[in-house]
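Subject: Structure handover

Hello,

Here is the structure for your set-up work. Please read the notes below it before you start.

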Amino acid sequence: MPVEPARRSATLLVAPGIALALLTAGCASSVGPTPPPDDPITAARQLPNAGGMVKSGDATPTCGEFALPQGVQLDPEALDCLADASAAGASAELAWSTPTTEGDPIVSFAFVGPGIDGVETYTTTAFDSYGGGVDGSWSGTLCPDPRDVRGEGDCRLLLEG
């Protein structure tokens, strides 16, 4: 029995929808990027691939922890804190998060102290839904200027990946 043209159109429209639903049903249980945390600095410290200095640190009593809004830079006083500690041979750290264009936090940690020639900065993209992935990646730099937490000067790459 031939299918009427109106019924054929409905069948052609419904069939791809069913096929798409079946194909994507398995994807619903796959692991995707984690949503941005309420406290990205603490969340970054708890990542399984966070380094020892990051995991054990607490920047609050030294140079501070900051969740910066879009377009806001670190306060120069926080950078002065790192430079002053470095000049005195003391240990200090600074932690901050900055949002991507989409609002996902990128989290960084900067360390100065004995045995560090300048400032070591580690950054994770773990919470960047467009570039971080589930665990995210870490990058690290060593810069001779203790204020150069963004690695803009004569810095050496410590890790990437």
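The notes below cover strands, salt bridges, aromatic pairs and disulfides, in that order.

This is a predicted model, in which local features need pLDDT of at least 70 and side-chain atom pairs count only at pLDDT 80 or more, while totals for chains, interfaces and linings use all residues. Residues are numbered from 1 along each chain as its sequence is written, and side-chain values use heavy atoms, with hydrogens and water left out.

Strands

Helices and strands are DSSP runs numbered from the N terminus (helices H or I, at least four residues; strands E, at least two). Two strands count as paired if DSSP finds at least two bridges between them. For accessibility, buried means under 20% relative accessible area, exposed over 50%, and partly exposed in between, with a 1.4 Å probe and protein chains only.

Strand β2 covers residues 92–99, and six of its eight residues are buried. On one side, β2 runs parallel to strand β1 (residues 65–67), joined by three bridges. Glu65 has Ala95 of β2 as its bridge partner. Between β1 and β2 the chain passes through helix α4 (residues 76–88), and this β-α-β crossover is right-handed. The term applies if, with the strands pointing away from the viewer, the path from the first strand over the helix to the second runs clockwise.

β2 also pairs with strand β3 (residues 105–112), here antiparallel and through eight bridges. Trp96 stands opposite Ser108 in β3. β2 and β3 form a hairpin with five residues between them, and Gly103 in that turn has a positive phi of about 100 degrees.

Salt bridges

Side chains of opposite charge can pair when their charged atoms come close. The rule used here is a side-chain nitrogen of Lys or Arg within 4 Å of a carboxyl oxygen of Asp or Glu. By that rule there are three salt bridges.

Arg45 and Glu65 meet at 3.2 Å, N to O. This pair links helix α2 (residues 40–45), which holds Arg45, to strand β1, which holds Glu65, 20 residues apart. Arg45 also meets Glu93, at 3.1 Å, N to O. Here the partners are Arg45 in helix α2 and Glu93 in strand β2, 48 residues apart. Arg45 is buried at 10% relative accessible area, and Glu93 is buried at 9%, whereas Glu65 is partly exposed at 29%.

The remaining pair is Arg147 with Asp80, where the closest N and O atoms are 3.0 Å apart. Arg147 lies in the loop between β5 (138–143) and β6 (156–160) and Asp80 in helix α4, 67 residues apart. Both are partly exposed: Arg147 has a relative accessible area of 39%, and Asp80 is at 31%. As for shared partners, salt bridges join Arg45, Glu65 and Glu93 into one network.

Aromatic pairs

Rings of Phe, Tyr and Trp (its six-membered ring) pair if their centres lie within 6.5 Å; planes under 30 degrees apart count as stacked, over 60 as edge-to-face and the rest as tilted. The structure holds two such pairs. In one of them, Phe111 and Tyr122, the ring centres are 6.3 Å apart and the planes are at 55 degrees, so the pair is tilted. Phe111 is in strand β3 and Tyr122 in strand β4 (residues 119–124), so the contact ties together parts eleven residues apart in sequence. Phe111 is buried at 6% relative accessible area, and Tyr122 is buried at 14%.

Disulfides

A disulfide is a pair of cysteine sulfur atoms within 2.5 Å.

Cys63 and Cys81 have their sulfur atoms 2.0 Å apart. Their link is left-handed, with -80 degrees about the S-S bond. Cys63 lies in the loop between α3 (52–56) and β1, and Cys81 in helix α4, so the bond ties together parts 18 residues apart in sequence. Cys63 is buried at 8% relative accessible area, while Cys81 is partly exposed at 23%.

In the disulfide of Cys143 and Cys155, the sulfur atoms are 2.0 Å apart. The torsion about this S-S bond is about 115 degrees, so the disulfide is right-handed. Cys143 is in strand β5 and Cys155 in the loop between β5 and β6, twelve residues apart. Cys143 is buried at 0% relative accessible area, and Cys155 is partly exposed at 24%.

Regards
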